[in-house]
Amino acid sequence: MRLARLSLERYERQRGLAGAAVGTDRRSASLAARRDLLDPALPQLEILLDPKLMAAELGRAVFTAPTRLTEVAVVRHKPGRRCTLRYEARVRRPGATRIERLFGKTFASDRGPQVHRVIEAISAARACGPEVLVPEPVRYIPFLRTTLQREVPGE
């Protein structure tokens, strides 16, 4: 429950910081949809599904630029165990805006750092050969128990 308390405290603090500086469009996860996905074993989902809070977090921790999420989607949810999410972000840099897609995988257990290290090793080693693209690990966010990876083309 320590994680839940820390996450909710940070949620309340960032809720005030996110404010009007970060926008979303109508494709973002609705409040009703987020409530349907609340999982006591994954209290961090409340933050991970909030487009404004995650835009602020990704803009600070990943892109180091103003970021707006245009889509937050649950790809797969294993209640009580883990959840995979997809984020579509508009990242604003001087003179250009680009779209980035990230996948986040969050865990109820403490497996996240180990999973992230394994993904980093596979990606760095090109273990599947030079022709095979694997998702590039971006960052592990400890307070959210979430590893982030870039999208790769194809299925």
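Leu-42 is buried, with a relative accessible area of 1%, where buried stands for under 20% relative accessible area, exposed for over 50%, and partly exposed for what lies in between, using a 1.4 Å probe and protein chains only. The structure is a predicted model, in which local features need pLDDT of at least 70 and side-chain atom pairs count only at pLDDT 80 or more, while totals for chains, interfaces and linings use all residues. Residues are numbered from 1 along each chain as its sequence is written, and side-chain values use heavy atoms, with hydrogens and water left out.

Leu-42 sits in the loop between α2 (31–36) and α3 (45–48); helices (H or I, at least four residues) and strands (E, at least two) are DSSP runs, numbered from the N terminus. Leaving aside residues up to four places away in sequence, Leu-42 touches His-77, Arg-81, Arg-82, Cys-83, Thr-106, Phe-107 and Ala-108, a contact being heavy atoms within 4.5 Å. Among these, Phe-107 is 65 residues from Leu-42 along the chain, yet their C-alpha atoms are separated by 7.0 Å.

Buried residues make up 42% of the 155 residues, and of the contacts with a separation of 6 or more, 56% are between residues 24 or more positions apart.

The strands form an open sheet of five, in the order β1-β2-β3-β5-β4, with antiparallel pairing; two strands pair if DSSP finds at least two bridges between them. β1 (67–78) and β4 (137–141) stand at the edges and have a single partner strand each, so one side of each is left without a neighbour in the sheet. On average, and with direction ignored, neighbouring strands of this sheet are turned by 20° against each other. Helix α4 (residues 51–63) packs on the sheet, where it touches β1, β2 (82–93), β3 (96–107), β4 and β5, and its direction makes about 105° with that of β1; such axes are lines fitted to C-alpha atoms, for helices over the stretch in contact, and the angles run from 0 to 180 degrees between N-to-C directions. Helix α5 (residues 112–125) lies across β3, β4 and β5, running at about 165° to β4.

What surrounds β5? Four of the five residues of β5 are buried, so this strand is largely enclosed by the rest of the structure. On one pairing, β5 (residues 146–150) is joined to β4 by four bridges in the antiparallel sense, with Tyr-140 opposite Thr-147 and Leu-148 as the bridge partner of Arg-139. These two strands form a hairpin with four residues between them, and Arg-145 in the turn has a positive phi of about 50°. In its pairing with β3, β5 is again antiparallel, over five bridges, and here Phe-103 stands opposite Gln-149.

Phe-103 itself lies in strand β3 and is partly exposed, with a relative accessible area of 25%. Not counting residues up to four places away in sequence, Phe-103 touches Val-75, Thr-84, Leu-85, Arg-86, Thr-147, Leu-148, Gln-149 and Glu-151. The C-alpha atoms of Phe-103 and Thr-84, which are 19 residues apart along the chain, are separated by 6.9 Å.
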